[in-house]
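Welcome! Let us walk through this protein together, going from the whole chain to a few of its residues.

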Amino acid sequence: MNDAVFGWLAVFLGFVILQRVSELVVSARNARRVMARGGKEYGAGHFPWLVCVHVLFIAGIAAEVLFLGTRPGALWPLWLAVWAGAQLLRYAAVRALGERWNVRIIVVPGMPLVRTGPYRRLRHPNYVAIVAEMISAPLIFGAWRTALIVSLLNALALRTRIRVENEALRAAQADASGASR
């Protein structure tokens, strides 16, 4: 095993794990605040699938490098740049949503949609960022199998997630329209 690749992998995955854990802490805090304002959770049943995809994402990269011997290819700087761009987009979305950002779908009836930051141009910038991340991060290390499998599983999970989220947002907006009459 090339010690440089192993070290880089450990630092990278350590960062991603720390990132995910800190996001869960922020999400739990935000969930309590939004629920206290009358928030309602939608689609809780599909959430475990999203967790599995994210765990597989991390485990798959590690497994391909450690057990299948994949190594970064010539395009690794490009994939690193795509991954970094995805992080910027994701955190711009988190910042724009503020206390509303959550790993679950929790909507307060009557709250207006966020139209600032990347939400001015994209309906779901956080999901765009996650798609880019799940393709690019494995490819930094040459883990194309993980990029393929995780991206397909993520696409299936996001299909449900986005449908449920759109329905929840429509219902919250309808509640706002009905309350203002």
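Begin with Gln19, which is in contact with Gln87, Arg90, Tyr91 and Glu133, leaving aside residues up to four places away in sequence. The model you are looking at is a predicted one. Gln19 belongs to helix 1. Is Gln19 buried or exposed? Its relative accessible area is 5%, and buried means under 20%, so Gln19 counts as buried.

With that residue in mind, step back to the whole chain. The protein chain holds five helices and two strands. Read from the N terminus, its elements follow the order α-β-α-α-β-α-α. Along the principal axes, the C-alpha atoms of the protein chain fill a box of roughly 65 × 30 × 25 Å. There are 181 residues in the protein chain, and 40% of them count as buried. The accessible surface of the protein chain is about 9900 Å², with 69% of that belonging to carbon and sulfur atoms. Take the contacts in the protein chain between residues at least 6 apart in sequence: 87% of these join residues at least 24 apart.

Now for how the helices meet. Two packed helices are described by the angle between their axes and by the distance between those axes. Helix 1, residues 3-36, packs with helix 3, residues 76-97, at an angle of about 15 degrees, and their axes are 14 Å apart. Because of that angle, helix 1 is roughly parallel to helix 3. Their crossing is left-handed. On the helix 1 side, the contact is made by Trp8, Phe12, Phe15, Val16, Gln19, Arg20 and Glu23. Helix 3 brings Leu80, Trp83, Gln87, Arg90 and Tyr91 to this contact. Sorted by kind, the residues of the contact of helix 1 with helix 3 are seven nonpolar, two polar and three charged.

Helix 3 also packs with helix 4, residues 125-140. What is the angle between helix 3 and helix 4? The two pack at about 155 degrees, with axes 8 Å apart. Angles over 145 degrees count as roughly antiparallel, and therefore helix 3 and helix 4 are roughly antiparallel to each other. The crossing of helix 3 and helix 4 is left-handed. From helix 3, the residues in this contact include Trp76, Trp79, Leu80, Trp83, Gln87 and Arg90. From helix 4, they include Pro125, Val128, Ile130, Glu133, Ile135 and Leu139. The residues of the contact of helix 3 with helix 4 divide into 17 nonpolar, three polar and two charged.

Two further residues are worth a visit. Asn154 is found in helix 5, residues 144-179. Asn154 counts as buried because its relative accessibility is 2%. Setting aside residues up to four places away in sequence, Asn154 touches Val53, Ile130, Val131 and Met134.

Finally, look for Ala62 in helix 2, residues 47-67. Ala62 has a relative accessible area of 18%, so this residue is buried. Its contacts, again without residues up to four places away in sequence, are Leu9, Leu13 and Phe67. Ala62 and Val26 lie 36 residues apart along the chain, and their C-alpha atoms are separated by 26 Å.

Note on methods: Residues numbered from 1 in each chain as written. Predicted model: local features only at pLDDT ≥ 70, side-chain atom pairs only at ≥ 80, totals over all residues. Heavy atoms only, no water. Axes fitted to C-alpha atoms, helices over the stretch in contact; angles between N-to-C directions. Helix = DSSP H or I, 4+ residues; strand = E, 2+ residues; numbered from the N terminus. Parallel < 35°, antiparallel > 145°, perpendicular 65-115°, else oblique. Left-handed = near helix turned anticlockwise from the far one by under 90°. Contact = heavy atoms within 4.5 Å. Nonpolar A, V, L, I, M, F, W, Y, C, P; charged D, E, K, R; others polar. Buried < 20%, exposed > 50% of the residue type's maximum accessible area, 1.4 Å probe, protein only. Areas by Shrake-Rupley, 256 points an atom, 1.4 Å probe, with all protein chains shown as cover.
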